[in-house]
Amino acid sequence: MLSQEQENDVETKDDVLPDFPPGPLDLYRKKASFDWKEMRMFLEGEDIIKFKNNVWKTFEEDPAFAHPSEDLTMEQQRELAFRRHKRLLEYNFMSDNKLMENPVRATVMHDCVGMYDPSLSTKYSLNKQMFNSTIKASGSERHEEVAKKAVNTEVMGCFALTELSHGTNTRAMRTTATYDPSLQGFIVNTPDYEATKCWVGNLGKNATHAIVYAQLITPDGTNHGLHSFVIQVRNTKTLQALPGVMVGDMGKKLGQNGLDNGFVAFNNVWVPRESLLNRTGDITPDGKYVTPYKDPNKRFGASLGALSGGRVGIVGIGVSNLKLSLTIAVRYSAARRQFGPPGSKEEIPVLEYQMQQWRLLPYVAAMYALDHFSRTLYMGLIQLRIGLMMKDKSDRMDALGKEIHAVSSAGKPVATWMARDAVQECREACGGHGYLAVNRLGDIRNDHDPNCTYEGDNNVLLQQTSNFLLGFMGKLGGEPISSPLHSVDFLSDFPTIIKSTFPASSTQDCLDPKVAVDAYKWLTCYLLDQSSKRLSGEKSKGKDPFTARNDSQVYYCRSLSIAFLEHTVVDRFYQQAVEDTTPASLRPVLQKLCCLYGLWALEKHCATLYQGGYFTEAKSVAWIRDAILQLCDQLKNDSVSLVDVIAPPDFILNSPIGMSDGQIYKNLWTAMLSAPKVLERPSWWRDFMDKPVLGSAKSKM
């Protein structure tokens, strides 16, 4: 007998999370070792689930969000994204009050809209979150009016940092803002076309105001470095460019063509002194630069933290694309039947094949690990933003800003590369049907691709993380090392960790997720030590610091940053999988996922683990690989339920072979017959009747 409380819980779960329609996927759903509804409730909570359901149900019922039946031109995609964005604002799913009640709703909203249409999500987020959040984090009371006007697009905001000739190297941006006391304002200038701000989302067609990053120069000629300004670029009534401002659309991209990426250049444009977002530095009316930070590095640390919001968001986008692609591929693999044992009259699902499990299930584990990491990283960003708004100038805030910058600078590469590889693997794992556009994997791949580049090229960003870590070398073996988000706390045990060896002596030992966690601690410490030695060695050859650091990236600093981030991901996931607050019924499957992700990611570092002496047994790699295959087999029956936990509704997923009923052929056949003019002969059919005369055409060469 269930208690009254247990019955109420069941009713709540069934009401908020209705059962999936019966079909071929029941074969696996009935074999699952856990309750997918309990897992979803644990990971997201009833409030967030209801919030998502409301957004998604609204999209499905509103004709404005109906999926187009034909391919659209770039101009049509831009217009559709604009109209949907306007409709989205009319619903006002995420009011300021709701956001204050639960700040997580901001990233959840991005997740909801992004799974439906990444162009719309980015357009919405750039104005609602990036523009507004930067103003709130970096500005003051004098900027509240423009932030309020952005809520209903009375002004439309964008974020202008990247220049034609500079992207990741933010210190080298060349747009200038020179203060003139006689004009009580700044003269903003683009010195040449290479300094044109570009790749600015929302700017191509719609944005009226931009947060522009420029070098702040005082009347005495001193350059105080990169600062942000709120600058109007278009007339809010006509959308015409303002005098002295050249603004335009960059054109068609490989994906996300609903988002109007634009460029802007300034020809000595005057903007008022109050345009400067002055949280970390300000200008007095007579032209003196003032800052609440006595240490310039602290001001830069706070600025870095504020700029990290975009990278933190992209980690979440990578996770969303993992969720979409893996839902499609796992459901397809569970329903698709091919071949079977000799003498069998029935073909078996391709998910039963070890190869298919090995191709997909480690990515499922990575998705769960990165999803938890993404949520915890976002909560760290919330801490930072609250501190900035409260004008907290403490050492902890400085450390928090730098840590978020370092962690997000490696988090974005690891998450986006993971999604990039997973989407391609899912496309191939679905065979020819995966190549059909209607099944969406191609669009997911193309729409995801820019995440590997914008907000900083992945390989370049990793240098930010290694620089952060190398800063701790002088502290190893001394006072305990700690950081606000605890990502480097384990370095306090560096002397002990660096002497340790692989503790497993069998495949069975490797099935303990702590084995992978401890291995990553050693790997990070070893690569930190090796990177430091490499850097010192390059300098001893007479190389300048810049060249020495550049020549220490491949196999050293780059690998260090990746290993550090993978350790952070697996360590946080491990803590979640074993802690008492996690329901006992969910711990076994979470621990298997943690172990699979940890070992699968670690296996790519085997050469380094041998090279550094951590592996002392020749069979260590074999044990890890056998454990990976065992975990894939153990998680096979859970795989459909694992993607059910994170899958959006069928309308949002928009993939016939990924629908929740598992009727892959019926759904695909229906989609094929629904395409426009699918049964008609081509309009140029008469030309087919005019046969070519072989050899009649002569080359002019």
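## Buried charges, salt bridges and overall build

At 5% relative accessibility, Arg84 counts as buried. This value, like the others reported here, was computed from a predicted model. Arg84 pairs with Asp117 in a salt bridge whose closest N and O atoms are 3.5 Å apart. Because Asp117 lies in the loop between helix H6 (104-116) and H7 while Arg84 belongs to helix H4, the pair ties together parts that are 33 residues apart in sequence. Asp117 is likewise classed as buried, since its relative accessible area is 16%, which falls under the 20% limit for that class.

The overall build of the chain was examined next. The secondary structure of the protein chain consists of 27 helices and 11 strands. Its radius of gyration is 27 Å, close to the 27 Å given by the globule rule for 701 residues, so the chain is as compact as a globular protein of that length. Along the principal axes, the C-alpha atoms fill a box of roughly 90 × 80 × 75 Å. Buried residues make up 54% of the 701 in the chain. Among contacts with a separation of 6 or more, 73% join residues 24 or more positions apart.

Charged side chains were then considered. The chain carries 79 positive and 81 negative side chains, and the centres of these two sets lie 4 Å apart. Side chains of opposite charge can pair when their charged atoms come close. In this model the count comes to 38 salt bridges. One of them joins Asp62 to Arg87, with 2.8 Å between the closest N and O atoms. Asp62 sits in the loop between helix H3 (36-61) and helix H4 (74-91), and Arg87 sits in helix H4, so this pair ties together parts 25 residues apart in sequence. Asp62 is buried, with a relative accessible area of 8%, whereas Arg87 is partly exposed, with a relative accessible area of 32%.

A further salt bridge is formed by Lys197 and Glu163, whose closest N and O atoms are 3.1 Å apart. This pair links distant parts of the chain, with Lys197 in strand E4 (residues 197-201) and Glu163, 34 residues away, in the loop between strand E1 (157-160) and strand E2 (176-180). Lys197 and Glu163 are both buried. Salt bridges also form a network, which links Arg40, Glu44, Lys52, Asp111, Lys323, Asp371 and Arg375.

Asp638 presents another case. This residue is buried yet has no salt bridge, and the nearest side chain of opposite charge, that of Lys592, is 5.2 Å away. Asp638 is located in the loop between helix H23 (620-636) and helix H24 (639-646). Neighbours within four places in sequence aside, Asp638 is in contact with Ala32, Ser33, Phe34 and Val589.

In helix H14 (residues 441-448), the buried residues are Leu441, Gly442, Ile444, Asp447 and His448. Their cover includes helix H7 (118-138), helix H10 (309-335), helix H12 (395-429) and helix H13 (431-435). Helix H10 also holds Ser333, which counts as buried at 0% relative accessibility. Residues up to four places away in sequence not counted, Ser333 touches Pro349, Val350, Leu351, Gln356 and Leu360.

Val350 is 105 residues from Val245 in sequence, and the C-alpha atoms of the two are 58 Å apart in space. Val245 lies in strand E7 (residues 245-249) and, at 9% relative accessibility, counts as buried. With residues up to four places away in sequence left out, the contacts of Val245 are Val233, Val264, Ala265, Phe266 and Val269.

Backbone angles were examined last. Most residues other than glycine have a negative phi. Phe339, which is not a glycine, has a positive phi of about 60 degrees. Phe339 occupies the loop between H10 and helix H11 (354-389) and is exposed, with a relative accessible area of 62%. His486 has a positive phi as well, near 65 degrees. His486 is placed in the loop between helix H15 (458-470) and helix H16 (494-497), and at 56% relative accessibility His486 counts as exposed.

Definitions and conventions: Residues numbered from 1 in each chain as written. Predicted model: local features only at pLDDT ≥ 70, side-chain atom pairs only at ≥ 80, totals over all residues. Heavy atoms only, no water. Helix = DSSP H or I, 4+ residues; strand = E, 2+ residues; numbered from the N terminus. Rg over C-alpha atoms; globule rule 2.2 N^0.38 Å. Buried < 20%, exposed > 50% of the residue type's maximum accessible area, 1.4 Å probe, protein only. Contact = heavy atoms within 4.5 Å. Lys, Arg positive; Asp, Glu negative; His and termini not counted. Charge placed at Lys NZ, Arg CZ, Asp CG, Glu CD. Salt bridge = Lys/Arg side-chain N within 4 Å of Asp/Glu carboxyl O.
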